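Here are my notes on the model you sent. Please read them with the structure open.

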Amino acid sequence: MKILADINTRKNDIASFLCFLLAGALLIWAAYAAWTNFRTSTPHIDKEKYPISGIDISAHNGKADLHKAADSGIDFVWMKATEGVTFQDKNFAANHREAGEAGLARGAYHFFRFDKDGVEQAINLLETIGERRLELGVAIDVESSGNPTEIDTDTIKERISAMVDYLNLRGIAPTLYCNKKDYYQYLADSFPGNSLWICSFSDDPISADWTFWQYSHKGTAKGIKGNVDLNVFSGTEDDWQQFINQQQYQGNNYVN
């Protein structure tokens, strides 16, 4: 009988220990989920301070009804055009056309590949946008996520500089997009004349001067299924018009 009692006691101890481990794991998971939600939650946006708002989209957002998006009150849209030296976003042409018809200010962005030549990437972007009118000009998306990790920082910075320099020679001053970490690793103090488009989920985006702030990956907009990135412009409506006058790209025979 004593042996059976000892066995039952041990079973109870093991069950209690497993319950303890399960409870601990659940607490850790809940804490992590809460922290992740807090870290990526949408900061407060003062509409009086930032009256100009917009979204950025790519083929990942599916077929976007940008007329409905415009009706919901946004002013601009950044559209993915290219990536690397050969990739072209399959929805870019349609998004560009519909955004123009909806009266949205349009910009085209290029996802920069760390493992590809900067000039070749610039050529891919320019060939894709062609003579299309872009009120916001173009942007280069610089982020370590989705890129190879084995390439040294100096090589990456040289390739970014090569792309920026080539676009400058073609009369285009690109806006540079990145998050805080990548800004300080790849862009800080290297491109003082270019506009900054910063991704940040804090109320104070960054200590550097910025032009666009992507403040959420979990936004919603009419006409777009699922989550969409939300952005604001730093400045007044007069500042906005001045920015467009300086940045807009159009060829001699641009396509609306």
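**Notes on the fold and the aromatic residues**

1. Of the 256 residues in the protein chain, 45% count as buried. Buried means under 20% relative accessible area, exposed over 50%, and partly exposed in between (1.4 Å probe, protein chains only).

2. This is a predicted model: local features need pLDDT of at least 70, side-chain atom pairs count only at pLDDT 80 or more, and totals for chains, interfaces and linings use all residues. Residues are numbered from 1 along each chain as its sequence is written, and side-chain values use heavy atoms, with hydrogens and water left out.

3. The protein chain has 7 helices and 9 strands. Helices (H or I, at least four residues) and strands (E, at least two) are DSSP runs, numbered from the N terminus. Take contacts between residues at least 6 apart in sequence: 68% join residues at least 24 apart. A contact means heavy atoms within 4.5 Å.

4. Look at strand β2 (residues 76–83). Of its 8 residues, 7 are buried, so β2 is largely enclosed by the rest of the structure.

5. Which strands pair with β2 in the parallel sense? One is β1 (residues 53–57), over 4 bridges. The chain crosses from β1 to β2 through helix α2 (residues 66–71), and this β-α-β crossover is right-handed. That is, with the strands pointing away from the viewer, the path from the first strand over the helix to the second runs clockwise. Ile57 stands opposite Met79 in β2. The other is β4 (residues 105–111), joined to β2 by 7 bridges. Here Val77 stands opposite Arg106. Two strands pair if DSSP finds at least two bridges between them.

6. β2 also runs antiparallel to β3 (residues 87–88), with 2 bridges. Glu83 has Phe87 in β3 as its bridge partner. The two strands form a hairpin with 3 residues between them. In the turn, Gly84 has a positive phi of about 60 degrees.

7. The structure holds 20 aromatic pairs. One of them is Trp197 with Phe212: edge-to-face, 6.4 Å centre to centre, 65 degrees between the planes. Trp197 lies in β7 (residues 196–199) and Phe212 in β8 (residues 212–219), so the pair ties together parts 15 residues apart in sequence. Both residues are buried. Rings of Phe, Tyr and Trp (its six-membered ring) pair if their centres lie within 6.5 Å; planes under 30 degrees apart count as stacked, over 60 as edge-to-face and the rest as tilted.

8. Trp197 and Phe212 also belong to one aromatic cluster.
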